[in-house]
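Student: Could you take me through how contacts and helix packing are read from a model?

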Amino acid sequence: MLFLIKGIEDYMLPCLNKKFFGFECMGCGLQRSIVLILKGEFVAAFFMYPAVYTLIALFGFIAINTFKGFKNGTKIITILAILNVITIIVSYLIKLYFK
């Protein structure tokens, strides 16, 4: 399994925003963060893209809610989505300010 993860880095999509305009977008680091999680480097994944864990929670809950159908599923999905948007924006602003 680890040999598959090493080769996956060769097939990552480049950030077109960074390539054409010279600055990172709000999604920069997500692919690398997921690869770091697959390698078991959880702290490095957080520092690469802080919203990765809230995104995993959101998509995981959406998948479970699709099959199980929780009573307040829509409210929980809405709260997780708002939390994700806030986390993505704040981490992006911090990245822009401190670089």
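Student: Leaving aside its neighbours within four places in sequence, which residues is Glu 24 in contact with?

Tutor: Contact means heavy atoms within 4.5 Å, and by that criterion Glu 24 touches Asn 17, Lys 18, Tyr 92, Lys 95 and Lys 99. This is a predicted model, in which local features need pLDDT of at least 70 and side-chain atom pairs count only at pLDDT 80 or more, while totals for chains, interfaces and linings use all residues. Residues are numbered from 1 along each chain as its sequence is written, and side-chain values use heavy atoms, with hydrogens and water left out.

Student: Is Glu 24 buried or exposed?

Tutor: Buried means under 20% relative accessible area, exposed over 50% and partly exposed in between, with a 1.4 Å probe and protein chains only; Glu 24 counts as buried because its relative accessibility is 12%.

Student: With which side chain does the side chain of Glu 24 make a polar contact?

Tutor: A polar contact is a pair of N or O atoms within 3.5 Å; within protein, one must be able to donate a hydrogen and the other to accept it, and residues adjacent in sequence count only if both atoms are side-chain atoms. Here the partner is the side chain of Lys 95, at 3.2 Å.

Student: Where is Glu 24 placed?

Tutor: Helices are DSSP runs (H or I, at least four residues), numbered from the N terminus, and Glu 24 lies in the loop between helix H2 (16–21) and helix H3 (30–39).

Student: Which residues are buried in H6?

Tutor: They are Gly 73, Leu 80, Asn 84, Thr 87, Ile 88, Ser 91 and Tyr 92, and their cover includes helix H5 (52–68).

How values were computed:
Helix = DSSP H or I, 4+ residues; strand = E, 2+ residues; numbered from the N terminus.
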